[in-house]
Amino acid sequence: MGMTDVLIVGAGPTGLVLACDLTRRGAAVRIVDRSPVPPRTSRAKGPNARSLEILDDLGVAEEVLAAGSAPLPMLKYRDRLPVAETDPWADSAPSPDAPYDRGRLIAQWRLEEILRDRLAGYGVRVELGREVTGLAEGPGGRHVDVAFAEGRTERARYVVGCDGAHSSVRKLLGIGFEGATAEDQVMVCGDVDLADGALDRTRWHQWFDEDGAVMLCPIPGTRTGWWFQAGPERDGRGRPLAPTADGFRRLLARHTALPGRALTRAELLSTYRVNVRMADRFRAGRVLLAGDAAHVHAVAGGLGMNTGIQDAFNLGWKLGLVLAGHAGPELLDTYEEERLPVAARTLDLTSERLRATLEAIRRPGGGLDAAITPDTTGLGVGYRWSSLARGHAEARTARDGERPAPRPGDRAPDAPCVDAATGARTRLHRVFAGPRTTVLGFGPGSAAVLREVAAAYGDAGVRTCRVYAAHEDRATSAPGEAVVDDEGHAAAAYGRGASDGTGTGTSTSTVVVVRPDHHLGLSIPAADARSVHAYLHRLHGAARSAERFSGIGGRRR
């Protein structure tokens with residue numbers, strides 16, 4: 001029986017991001033979905049700012065931006081009349097450390113198409129109509145035997161369940177999914193066509209009345225397509241009725257100034273109930289859970305698909321390093337260590353945003369903008385508590401107007417800079433892109449550490465990058481990449497202050513290890529080369545160089 005490295009169950013955004021990330025790392029990946037055709041749902045409205053950074057790393061952000069639209073201003077109505085307009089992003093702007101300040105509206109099926117195309121470029125296609133019915137750990141715990149509904153059994157080193165809230169993988173593992181379903185908090189959803197010109201497509205229209213609500217948001221890339229969300233119709237006993245096209249027409253006529261006949265088509269109809277649940281654990285041996293299979297929560301803030309994409313990006317590099325034999329399987333324990341608390345916080349955050357939204361819409365002019373806060377961009381999510389967050393540079397008091405330095409576990413800031421070799425403009429996240437760990441060196445004293453890292457780990461998935469201050473002498477070049485921080489944004493983002501680059505000692509120099517998922521692993525004075533070695537050893541195994549790290553300022557080991 002042949003064996004694949006990773007079998008991914010579920011081909012939504014979570015599974016597809018994981019498949020793309022693992023495949024570009026050289027892992028043998030298969031991805032299956034029980035649906036006989038590519039799964040299509042009318043739920044997620046697009047990636048948030050942090051997910052756009054991940055899609056950028058995977059090389060598809062430009063396509064996603066082109067296929068989608070910017071978030072729209074919200075026009076709120078009461079009793080069919082417009083009463084308020086709000087642009088939740090009016091005060092937001094891109095910054096040097098975060099070029100994406102807001103998400104993108106794009107149909108989930110369109111995003112999945114883009115990711116499937118990227119995966120096909122690596123030679124991997126989704127295997128449709130394949131339902132997993134059994135999981136059994138092989139002898140000695142070295143693999144998993146996976147049974148399928150058609151009677152075949154296949155073997156994988158690891159299995160990842162990305163198969164949604166009703167996950168077969170989670171159920172087969174017997175992992176609890178504790179929480180609650182609010183039967184009274186119900187919404188009907190679907191993709192609809194409205195008569196051409198029926199509504200202004202530059203607005204997200206929201207009618208909130210005392211006896212119900214209708215929300216219509218234009219679907220990017222279509223001329224007459226809209227996302228339809230509404231409070232359900234109810235029967236004589238107050239029970240919600242299943243969504244139908246005619247029911248949508250009645251809701252439209254009741255709450256808006258449009259006639260029911262303006263709705264010409266309705267598909268992908270579904271009923272959404274507020275469901276707040278989380279798996280007891282995200283890993284059972286060689287089987288892991290990600291996305292809705294591991295956690296579901298209120299729709300407020302649009303974090304469902306985004307949390308799944310970010311799960312996948314956290315897990316992909318860890319699985320890749322374990323499969324390549326660089327890291328031990330215990331590295332996979334850090335997936336649950338890091339993502340389970342994030343999921344728990346997301347459940348709390350979305351429940352609070354739902355409460356705020358339900359309160360806001362009771363008043364004329366209230367709307368879905370109540371769900372949007374800086375937290376919903378995803379840019380603030382970090383893992384300071386993680387065992388992978390080690391040490392930090394000596395704290396320096398931030399001067400007026402300066403931000404404090406990011407700490408290990410935090411998202412690594414972006415910064416515009418110049419490629420030292422070509423003079424072309426670039427940015428740090430471009431340096432980080434691709435399946436490698438990055439070691440940044442600030443200050444002249446970091447050059448020796450970068451040389452040792454390149455010699456020891458250059459073939460093991462580690463890149464080095466020297467960050468030069470604008471007027472710093474570049475006569476002694478370091479190995480690997482080099483950028484010039486010509487506007488000082490990198491120094492500001494990494495807490496280096498307005499360093500003049502003239503110091504020669506290691507005490508003024510800093511080494512920062514950036515994990516493949518753009519989070520800081522380590523930030524220390526360059527004099528502490530041993531800590532850099534110890535950290536890289538944990539992720540990338542024994543160094544190639546026989547001399548190992550000299551431990552600048554200390555004895556050789």
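Contact here means heavy atoms within 4.5 Å. The model is a predicted one, where local features need pLDDT of at least 70, side-chain atom pairs count only at pLDDT 80 or more, and totals for chains, interfaces and linings use all residues. Numbering starts from 1 along each chain as its sequence is written, and side-chain values use heavy atoms, with hydrogens and water left out.

**Exercise 1.** Work out the surroundings of Gln 229.

*Solution.* 
- Strands (E, at least two residues) and helices (H or I, at least four) are DSSP runs, numbered from the N terminus.
- Next, check the cover. Gln 229 has a relative accessible area of 10%, so it is buried. The cut-offs are under 20% for buried, over 50% for exposed and partly exposed in between, with a 1.4 Å probe and protein chains only.
- Now list the partners. Skipping residues up to four places away in sequence, Gln 229 touches Lys 45, Met 187, Val 188, Cys 189, Trp 204, Ala 213, Val 214 and Met 215.
- Finally, look at Lys 45: its side chain makes a polar contact with the side chain of Gln 229, at 2.9 Å. That term means a pair of N or O atoms within 3.5 Å; within protein, one must be able to donate a hydrogen and the other to accept it, and residues adjacent in sequence count only if both atoms are side-chain atoms.

**Exercise 2.** Zoom out and describe the whole protein.

*Solution.* 
- Count the elements: 12 helices and 23 strands.
- Take the extent: the C-alpha trace spans about 80 × 60 × 35 Å along its principal axes.
- Then the burial: 55% of the 557 residues count as buried.
- Last, the contacts: among those with a separation of 6 or more, 70% come from residues 24 or more positions apart.
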